[in-house]
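The sequence and structure are shown first.

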Amino acid sequence: MSERTGRIRSPRTYSAVSGLLTGTIALYIALVAFGNITDFDTNQQFVRHVLAMDTTFKDDDLMWRAIKSTALQDTAYVAIIVWESVAALVLIAATAMWGAGLRGGSVRRARQASTVGLVMLMLLFGAGFIAIGGEWFAMWQSKTWNGLEAATRVFLISGIVLLLIHLLAAERTEPDATD
């Protein structure tokens with residue numbers, strides 16, 4: 001960092017910070033996907049209960065939204081696992097691209113790949129778990145099957161990493177910076 005401005009000046013530092021943050025999220029979501037694949041039943045039950053709305057307040061005005069079909073519930077769960085797995089692969093590839101940027105290469109593709117992977121996570125945890133699970137299926141009402149805190153955490157961390165990657169990119173686009 002430059003002492004006078006407090007800004008990052010080294011392209012290597014930029015790539016290292018961005019790569020480490022991307023790699024951390026990649027590791028997390030890869031472990032989540034791996035856990036869902038190897039311990040399929042645990043979160044399968046979570047998805048089934050949220051979609052069935054069987055631990056909510058049983059309000060007649062909401063219960064018509066419940067999905068009771070285990071085939072549809074399981075299809076949703078498999079789709080979640082596939083989405084997580086693809087996001088993990090994209091973020092792992094992005095992490096490798098950041099590593100290549102440490103050796104003086106362009107980081108534009110690494111930033112693009114990180115953006116795709118991070119937005120995938122924000123869509124899954126924001127739209128999927130917080131909006132659809134939390135509000136449409138009233139997951140917030142359940143004391144037993146409520147994943148809103150975990151979903152909010154992943155959504156916010158992914159968003160912060162996304163912002164940092166792009167803020168660091170803006171820092172580097174000053175006249176004396178190179179990409």
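How do the residues of the lining of the largest pocket divide into nonpolar, polar and charged? The lining comprises 12 nonpolar, three polar and two charged residues. The model under discussion is a predicted one.

**Pockets**

The volume of the largest pocket is about 310 Å³. Its lining consists of 17 residues, and those nearest the centre are N43, F46, E84, F125 and F129. At least two lining residues come from each of helix 1 (11-38), helix 2, helix 4 (70-102), helix 5 and helix 6. Helix 6 is the main contributor to this lining, with four residues.

The second largest pocket holds about 250 Å³ of space. It is lined by 14 residues, among which L51, I80, G128, F129 and I132 are the closest to its centre. Here helix 2, helix 4 and helix 5 each provide at least two lining residues, and helix 5 gives the most, with five. By class, this lining has 12 nonpolar and two polar residues, with no charged residue.

**Aromatic contacts**

How many aromatic pairs does a search of the whole structure find? The search returns six aromatic pairs. One of them joins F46 and W145 in an edge-to-face arrangement, with 6.0 Å centre to centre and 65° between the planes. F46 belongs to helix 2 (residues 40-52), whereas W145 lies in the loop between helix 5 (108-136) and helix 6 (148-172), so this pair ties together parts that are 99 residues apart in sequence. F46 has 18% relative accessibility and therefore counts as buried, the cut-off being under 20%.

F125 and F129 form a further aromatic pair, which is tilted, at 5.1 Å centre to centre and 45° between the planes. Both residues lie in helix 5, four residues apart, or about one turn of the helix. F125 and F129 are both buried. A contact of another kind involves R65, which lies over the face of W136 at 4.2 Å from the ring centre.

**Two residues in context**

G147 is located in the loop between helix 5 and helix 6. Because its relative accessibility is 18%, G147 counts as buried. Apart from neighbours within four places in sequence, G147 is in contact with F46 and M139. G147 and G134 are separated by 13 residues in sequence and by 8.0 Å in space, C-alpha to C-alpha.

Is V154, at 6% relative accessibility, buried or exposed? V154 counts as buried at that value. This residue has its place in helix 6. When residues up to four places away in sequence are not counted, V154 touches Y28 and F125. Between V154 and L118 the separation is 36 residues in sequence and 10.0 Å in space, C-alpha to C-alpha.

Key: Residues are numbered from 1 along each chain as its sequence is written. This is a predicted model: local features need pLDDT of at least 70, side-chain atom pairs count only at pLDDT 80 or more; totals for chains, interfaces and linings use all residues. Side-chain values use heavy atoms; hydrogens and water are left out. Rings of Phe, Tyr and Trp (its six-membered ring) pair if their centres lie within 6.5 Å; planes under 30 degrees apart count as stacked, over 60 as edge-to-face and the rest as tilted. Buried means under 20% relative accessible area, exposed over 50%, partly exposed in between (1.4 Å probe, protein chains only). A charge sits over a ring if NZ of Lys or CZ of Arg is within 6 Å of the ring centre and within 35 degrees of the ring normal. On a 1 Å grid over the protein atoms alone, a cavity is a set of points where a 1.4 Å probe fits but cannot get out, and a pocket is an open set with protein on both sides within 12 Å along at least five of seven lines; lining residues have an atom within 4 Å of a point. Grid points are joined across faces, edges and corners, and a volume is the space filled by probe spheres set on the points. Ala, Val, Leu, Ile, Met, Phe, Trp, Tyr, Cys and Pro count as nonpolar, Asp, Glu, Lys and Arg as charged, and the others, Gly among them, as polar. Contact means heavy atoms within 4.5 Å.
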